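Have a look at the sequence and the model below, and then we can go through it together.

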Amino acid sequence: MARLTLTDIKKSFGETRVLKGISLEVQDGEFLSLVGASGCGKSTLLRIISGLETADSGRIEIDGKAVDQATPKARNVALVFQDYALYPHMSVAQNMAMPLVMGRLPMRARLPGAKFLTPRHAETRREIAAKVQQVAEQLRIAHLLDRRPASLSGGQRQRVALGRALVRDPSLFLMDEPLSNLDAKLRVEVRREIVELHRNSGLTFVYVTHDQVEAMTMSDRVALLQEGHLLQVGPPAALYGDPASADVARFIGSPEVNLLPVRAAAGALQLAGQALPVASGQAEGTDLMLGIRPEAIRLADAGTAGGCFGLQVVRRAVEDLGGELVVHGSLAHAPDIPLRLRLQKAPDGSAPIPVPDTFAAEVPLGAVLLFAADGQRVAGPAVMARAEIPA
Amino acid sequence: MARLTLTDIKKSFGETRVLKGISLEVQDGEFLSLVGASGCGKSTLLRIISGLETADSGRIEIDGKAVDQATPKARNVALVFQDYALYPHMSVAQNMAMPLVMGRLPMRARLPGAKFLTPRHAETRREIAAKVQQVAEQLRIAHLLDRRPASLSGGQRQRVALGRALVRDPSLFLMDEPLSNLDAKLRVEVRREIVELHRNSGLTFVYVTHDQVEAMTMSDRVALLQEGHLLQVGPPAALYGDPASADVARFIGSPEVNLLPVRAAAGALQLAGQALPVASGQAEGTDLMLGIRPEAIRLADAGTAGGCFGLQVVRRAVEDLGGELVVHGSLAHAPDIPLRLRLQKAPDGSAPIPVPDTFAAEVPLGAVLLFAADGQRVAGPAVMARAEIPA
Amino acid sequence: MVAPASLLIALIYVVPMIAVVLASLTDYTLISDYWEWVGLDNYKRMFGDAQFGNALRNTAIYAAIFLPCAFVIPLLLAISIQKRKQFRSFFEIVYFMPVTSTLTAMALVWSALMDSRQGILNEWLGSLGLGPVNFLGSPEVVLVSLAGISLWAIIGFNMVLFIAGLTAIPRSLYDAAKIDGADHPVDEFLRVTWPALAPTSVFVAVTSSITAFKLFDTVALLTQGQPDHASEVFLYLTFLEGFEYFNMGYAAALSVFFLGVIFVFALIQTLLADRTAR
Amino acid sequence: MSDLSAPRPVAVPGRISAALSRVTPGRILVTLVLLLGAWLMVFPFLWMLSSSLKPTSEVFDADFSLWPQTFAGGQNYYDVLVAQPYLRYLGNSLIVCIGILVVQLATAVPAAYALAKLKFTGSTILLGTVIACLTVPINVTSIPIYLGLVKAGLLDTYFSMMFPFFVSVFAIFLFRQFFRSYPDSIIQAARVDGFSEIEIVLRLILPAAVPAAAAFSVFSFVAHWNDLYWPLIVVQSQEKMTATLSMMQYRSTFDINYGRTFAAATVVTVPMLLVFVFARRAFVRGITMSGVKG
Amino acid sequence: QTQITCLTNAGHLSRQHAPLAEMFNAMQDEIEVIYAAPAQNYSDTHLKLMRGSATDTLPDCAFEAYNQLPSLARAMAARGQIADLSTLMAQEEAGWKEANYTDQMLELGQVDGVQYGMPFNASVIQWYVNADLLQQVGVAVEDFPTDWDGVLALAAKIDALGDDIDGMSYAVDQWGDDWPFQVLIAQQGGQMLNDAGDQVTFDQDGRSVEAMKLARRIVTEGGYDPHTDIDTQLTAFTSGKVGFYANSPASAKLMQERVGEGFDLRSIKFTVWDDANGTLPTGGNAGIITTQDPEKQAAVWEYLKFLTGPKGQELTAKNTGYLPTNVMSLEEEYLGAYYKAEPYFATPSSQYDRAGAWYGYPGTQSEKIWRDQRSVIRAVMLGETAPEAGAAELKAIAEKLMQR
Ligand SMILES: Nc1ncnc2c1ncn2[C@@H]1O[C@H](COP(=O)(O)OP(=O)(O)OP(=O)(O)O)[C@@H](O)[C@H]1O
Ligand SMILES: Nc1ncnc2c1ncn2[C@@H]1O[C@H](COP(=O)(O)OP(=O)(O)OP(=O)(O)O)[C@@H](O)[C@H]1O
Ligand SMILES: [Mg+2]
Ligand SMILES: [Mg+2]
């Protein structure tokens with residue numbers, strides 16, 4: 001049970017300013033995902049929260065108590081390391097049991113050989129072994145418990161690292177890309193385990209991931225870190241549907257959002273000579289960016305529908321993802337402006353791919369996002385038209 | 001330029017039989033993805049191909065020449081290690097330059113301090129530096145060239161490991177989950193770099209990944225490894241649309257395929273009491289599995305359309321992935337049979353979520369897969385109805 | 001890759017050792033060119049030789065004093081110095097200094113410092129209300145004194161080895177240990193430092209015990225076995241027999257026997273430690 | 001001025017209190033013990049240095065004083081440095097020590113690597129032999145080696161002074177232990193990158209073992225610099241005398257010039273201290289093993 | 001010019017050799033003397049020569065301790081590596097030998113009746129006395145007792161001066177060789193071995209028992225402490241904490257230097273029981289010729305003649321304190337005047353007539369015999385063994401090991 005409050009955390013490594021003032025409040029029991037480009041400081045932030053690294057300035061509070069000077073142990077956090085950090089000389093079972101042994105057994109009973117000298121703790125030892133066994137089964141590594149990390153595959157190691165955190169009963173779970181080396185199937189399963197753990201324990205989670213699906217499906221809120229600042233913090237759907245800036249829109253969603261350079265005109269937007277019927281509310285002549293999600297573009301078989309505007313697209317390449325296609329193309333009348341489309345295949349698996357190289361597409365007016373030239377979101381009709389999504 | 005032929009490769013670690021006879025032919029210039037559950041032996045296979053590990057039995061040929069006894073150097077393969085394996089005491093630039101230094105400079109010129117003694121090689125050195133710089137820029141790590149691995153983030157390390165392979169001019173590229181620690185945006189970019197490298201170089205690639213999208217979009221063929229055997233090798237679309245077994249269907253595609261237990265009846269299938277109008281061609285009373293991809297199920301707003309069968313679904317949970325929703329439900333008349341649906345959101349971002357807890361859905365007959373109880377694919381009408389997908 | 005080393009090992013160790021083993025079966029003296037095979041006589045004689053038992057006992061006692069200290073003190077030093085930011089280099093230099101000393105000269109210094117009447121050590125002890133200690137004149141103390149001198153000379157080296165071993169431990173393990181709650185120094189040591197230091201520890205333990213058994217120089221320079229054979233350790237006895245009494249054959253037999261014992265000891269130590277370290 | 005000190009009011013109290021919080025009774029105690037130990041370590045050196053400046057009559061005075069009452073350092077050091085060809089002895093010592101060290105490293109490092117990381121037939125036997133040889137003191141093998149050198153007519157040459165030490169089983173064992181913990185994964189990456197095995201050793205493993213290698217180098221250098229046993233056996237002529245052996249020149253059973261002996265000892269020791277102080281940086285220059293996951 | 005290489009038992013830059021070699025090289029130019037790299041001490045020299053003999057890598061000349069000369073000379077003679085000096089002596093002009101050496105002195109260099117060595121250094125034990133302490137108990141140095149009872153009584157008196165003051169030091173139990181033990185026998189007029197040198201005779205007439213009793217009295221009456229190691233005793237004496245101290249005159253110069261201004265240091269003839277027959281074993285070393293090359297042999301001979309000649313011995317005595325081996329050197333022009341002026345250095349000359357043999361046991365085990373005997377003597381001095389039993393053991397040890 002813990003509320004985590006970060007106030008203006010700054011951190012530099014030598015010349016490199018990694019965190020430039022991070023303020024963030026994670027509610028008790030919340031599941032917060034931390035996303036951001038590689039090298040943006042996610043791991044560093046987790047290490048600061050856990051107490052392994054000290055911030056150059058700023059405050060960290062857990063449940064309102066400042067913990068800046070507290071040891072990691074005192075903070076009682078569980079951390080899954082991105083690089084696993086397994087103890088090479090211990091078996092998987094010992095690796096996983098470590099936090100429990102440290103937490104539950106008194107010093108006397110932890111000394112080597114104490115096993116035989118402190119029979120009073122046999123009960124605790126059994127409990128620990130049982131817990132390790134249980135978590136190992138959840139993570140499908142029960143058959144590996146006697147192995148050393150060196151003889152494990154990448155994904156197996158990652159699960160051991162995860163298991164070491166899961167056996168615990170901490171106030172705060174910090175996880176640094178804990179599923180990156182798992183195959184899709186296993187990942188879904190373990191993801192579910194984590195979500196369930198979160199739901200059942202009611203503990204606070206801070207979860208670093210670069211997997212959109214994870215961030216979107218697991219978290220209560222997502223925090224997007226970029227160049228040392230938090231760009232936006234909010235529910236996943238808000239980051240996706242209501243991004244505060246072009247950067248956020250660009251980072252969330254895959255394939256990436258289309259950002260088309262437009263200029264405000266009277267009641268319309270000029271897109272490379274084509275006038276789009278979108279009222280921007282901006283002064284005429286202002287340069288803007290028009291954001292369109294790839295899945296918002298659909299094929300216009302029979303003329304542009306109402307409430308939509310049309311685009312002529314040249315097809316360049318097609319990626320088949322099994323259930324859907326990603327079409328890479330560009331505007332027919334401005335070949336240097338690329339356009340990505342995501343097209344659902346027909347349920348029988350047949351591809352809805354337009355046969356001509358150049359085809360017509362349409363975009364509902366309500367589906368567009370408008371950004372100023374500096375990337376800031378511009379309140380426009382697009383926002384007005386958005387509906388709340390029930391979860 | 002290399003054709004890789006594996007014949008009946010077997011490998012055990014002590015008791016653990018990891019590879020139980022792998023035969024595989026990778027054509028010259030082909031891009032083959034290797035997928036499979038965590039711990040199934042993908043890395044081991046790559047290590048055997050590269051010569052770091054010796055197979056217990058079996059033959060490896062490169063371009064028809066047996067290389068079982070050849071050193072890694074002689075095989076001239078580039079390998080991206082799953083665990084990076086960077087040289088800890090060398091800068092990023094040195095790490096990346098190493099394969100070139102080793103390959104292009106003679107022994108004399110590689111000795112420490114030889115830089116100043118062998119001016120004749122200054123030209124080569126410049127070329128190497130230029131190449132490193134170029135690859136680093138592609139991978140967006142040019143600003144890190146002077147750093148040591150210890151001061152890099154996880155994703156940065158992974159890119160260095162990748163860069164070390166990319167600078168080379170090998171006969172064979174082996175990559176072990178080279179993008180797992182990158183954020184989605186960067187991953188798309190680097191993916192494109194790799195595809196381009198493959199296209200331009202015409203070299204042979206063996207690429208281990210657990211990312212469906214990578215496997216589907218990058219590869220000419222995908223090989224699925226499970227429990228020491230190759231389950232299926234074929235073009236990505238074939239694995240997705242035309243899986244040889246329930247295991248393959250289950251492994252490829254996310255969310256996972258729905259596998260419903262059915263029994264063959266006269267000209268129909270019995271699904272928990274409901275008769276589906278699917279002709280299985282199997283003896284009556286045979287237990288079968290009906291595979292339905294989550295995206296093949298759509299909402300039936302106004303009665304079931306022609307060529308489809310209908311299902312009543314109870315909604316349990318909804319995951320919002322931004323552009324689409326994953327609905328977890330179960331059959332209304334058999335609550336213990338789960339059902340996953342993937343629903344595209346409307347282009348304006350509004351969710352097509354059925355308001356009632358129980359709703360009607362329909363599945364086109366052509367979209368179903370049929371498997372025997374042992375998992376083997378059953379040739380049925382579903383197959384007949386499939387269309388080839390243009391790429 | 002092992003060829004040059006193997007060749008040299010053969011030339012420098014194996015062949016001479018074979019010669020020594022052969023010599024142990026003769027009554028060669030160096031004094032006379034005449035010698036004959038005597039079979040195992042030299043070995044039989046060993047067990048009737050009171051000095052042989054005495055030297056064995058002295059060596060064992062010395063090793064029992066020297067070994068634990070030569071291992072534990074440097075380890076503690078390394079741990080407490082390595083973490084230090086201030087004075088780290090100062091302590092490193094100072095503790096390593098004795099390694100660089102010239103024993104021939106230092107023996108003179110030590111004999112002056114350990115002078116049981118006018119020596120500075122006793123003066124210091126006196127000012128603490130202790131002593132005086134008869135460092136080199138008492139049969140009970142002399143082995144302790146010799147061990148002290150050897151420790152003085154070796155602590156710095158073992159300490160530097162331990163520091164080198166400590167430096168090679170990945171930081172991430174300590175991070176993980178901190179997160180797991182093992183931040184008590186004892187836990188940190190037992191769970192991370194000690195296992196990760198195993199190869200270094202094996203080395204230090206094995207070489208220190210061999211060093212202990214090979215004690216020679218300090219005895220030869222400082223006590224020559226005095227008082228009353230009390231510091232006559234094994235190698236010194238071998239030296240006396242071979243080079244003072246010219247009983248080369250017997251000395252060779254002593255060497256062969258003793259080397260056999262140390263070797264078995266060292267090999268067991270290494271293999272056991274190797275196994276547990278894996 | 002005020003600009004420069006602007007951020008300080010925040011930073012300084014924090015740092016001081018942080019520093020103060022680190023000063024605990026335990027730490028003070030540890031520091032005191034370390035200082036006491038340090039004093040015990042240096043004192044013999046101080047005694048030697050101080051004695052090298054004294055006339056014989058003062059060396060053994062009961063009331064020890066660091067600075068001599070009668071300064072005899074000038075004469076003592078003159079005798080050592082000027083009155084004899086000290087530079088020649090120094091040169092001999094250098095030649096012998098460097099020669100030994102170079103060959104030792106050249107033979108031990110590859111062998112240790114092979115023992116630590118390669119599987120080859122006979123590796124267990126070789127390791128056993130190495131450990132066996134570790135137990136063999138030069139005293140035992142000196143006669144056979146000496147006889148061999150006489151046969152080869154090599155007595156009183158630099159070669160004979162170095163030969164028995166050309167292979168250091170100590171170094172092989174030491175390096176093996178340090179190489180063992182090097183991650184295999186990185187070695188494999190190197191093989192794929194086209195490193196030859198010898199380059200793996202030189203470019204990867206040795207840099208990681210620098211602290212141990214430096215410690216060994218100093219140790220070997222010092223040991224052979226100070227060695228008296230072997231030079232006494234093989235050195236016949238004054239031209240080949242080492243610096244340490246030269247200390248024996250003015251000593252006899254009943255007569256010893258203490259001041260001069262200690263001056264010589266000081267002069268012999270100082271180069272070793274310098275070697276150490278310069279090599280010390282290498283002792284601590286470990287590298288963070290962060291190239292691999294897990 | 002002939003170059004000869006010599007190996008010495010002591011450092012060649014020590015006072016013993018350096019000035020002599022320098023002088024010799026300067027005064028003629030047919031022969032150049034150079035010294036081999038040094039050995040550590042007597043036994044190391046012996047070992048080096050033995051090794052050199054076995055491998056035929058000997059220097060041209062060497063200096064070997066009297067007690068070790070027999071075993072070395074026998075081994076080398078068997079291999080034909082050592083020169084018989086009598087032939088060279090015979091070539092000298094008539095009367096030369098008699099003018100320079102007494103027979104007694106020459107005998108020190110003889111083994112089995114052959115003159116292998118020219119006695120270069122010789123020393124008989126003497127007392128070093130702290131005159132200040134003597135004065136404190138009211139005894140003048142001139143009145144130093146001449147019998148053991150007196151000596152022990154005096155030591156007892158000095159010992160009583162204070163806790164940190166010892167009466168005397170005579171470390172017979174700690175010496176590296178049996179020189180001081182032989183003193184105890186010889187000063188009674190005894191011989192260690194019979195004339196044939198194959199039988200132990202040190203126990204004749206109860207001499208070894210008396211020696212052991214005396215040794216014990218040195219502890220009980222003289223206040224000597226066997227628990228104190230030998231270096232501590234030396235330092236104690238030189239820092240004025242011991243009444244008198246037994247050692248070789250070779251240390252005279254060193255003693256003087258170590259004492260400095262500390263106290264009034266004197267030297268005195270050693271106490272002898274049997275004034276008429278008592279002798280004292282002579283320590284020191286003899287020069288031997290170890291080259292077979294006649295030209296070099298001649299050159300070495302020249303050098304040895306110089307070293308043992310009056311000038312050489314004068315310098316040696318003045319530089320170190322050794323007893324001169326050359327009778328001529330006692331004359332006024334060499335040492336006579338010097339000795340009168342420096343009584344502290346003159347003591348050896350006053351013991352000239354006492355200089356007797358220092359025996360080595362037959363066979364090769366002399367050192368081993370001594371090391372075993374030393375333990376017995378220590379036990380006697382500590383009172384753990386009765387003198388009689390001790391004496392018997394001494395003989396048993398010697399007889400057991402002599403055989404081999
Ligand atoms: N040295 C070893 N000793 C014993 N077992 C090993 C060893 N190395 C690997 N294994 C086992 O072999 C199996 C295959 O390992 P491998 O690393 O090839 O898996 P993988 O397919 O790469 O998995 P991942 O996707 O998790 O990286 C695993 O179950 C692993 O535990
Ligand atoms: N010890 C260090 N010294 C210098 N720079 C460092 C150090 N550690 C990290 N950095 C830099 O700080 C930045 C943030 O690193 P961090 O590991 O927090 O990134 P990340 O967000 O976790 O990235 P990834 O997703 O790739 O793991 C990176 O640019 C990295 O290069
Ligand atoms: Mg990270
Ligand atoms: Mg793997």
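## A run of antiparallel strands

Which residue in strand 13 of chain A is the bridge partner of L271(A)? In this predicted model, that partner is Q274(A). The strands involved are strand 12 of chain A and strand 13 (residues 274-276) of chain A, which pair in the antiparallel sense over 3 bridges. They form a hairpin with 2 residues between them, and A272(A) in the turn has a positive phi of about 45 degrees.

Strand 12 (residues 268-271) of chain A is also joined by 3 bridges to strand 11 (residues 258-265) of chain A, and these two run antiparallel. Here A265(A) stands opposite A268(A). This hairpin has 2 residues between its strands, and G267(A) takes a positive phi near 60 degrees.

## Around ligand 1

Now for the ligand. Residues from chains A and B surround ligand 1, so its site is shared between the chains. Of the 18 residues around ligand 1, those that come nearest are S153(A), G155(A), G39(B), S43(B) and T44(B). By class, the shell has 11 polar, 4 nonpolar and 3 charged residues.

## Polar contacts and cover

Oxygen atoms of ligand 1 take part in several pairings with chain B. One lies 2.5 Å from an N or O atom in the side chain of S43(B), one is 2.9 Å from a polar side-chain atom of Q82(B), and one is 3.2 Å from a polar backbone atom of C40(B). On its own, ligand 1 has 640 Å² of accessible area, and the protein covers 86% of that. Helix 7 (154-166) of chain A and helix 1 (42-50) of chain B are the elements that give two or more residues to the shell.

Key: Residues are numbered from 1 along each chain as its sequence is written. Chains are lettered from A and ligands numbered from 1 in the order in which they are written. This is a predicted model: local features need pLDDT of at least 70, side-chain atom pairs count only at pLDDT 80 or more; totals for chains, interfaces and linings use all residues. Side-chain values use heavy atoms; hydrogens and water are left out. A residue is near a molecule or strand if one of its heavy atoms lies within 4 Å of it. A polar contact is a pair of N or O atoms within 3.5 Å; within protein, one must be able to donate a hydrogen and the other to accept it, and residues adjacent in sequence count only if both atoms are side-chain atoms. Accessible areas come from the Shrake-Rupley method with a 1.4 Å probe; for residues, only the protein chains shown count as cover. Helices (H or I, at least four residues) and strands (E, at least two) are DSSP runs, numbered from the N terminus. Ala, Val, Leu, Ile, Met, Phe, Trp, Tyr, Cys and Pro count as nonpolar, Asp, Glu, Lys and Arg as charged, and the others, Gly among them, as polar. Two strands pair if DSSP finds at least two bridges between them.
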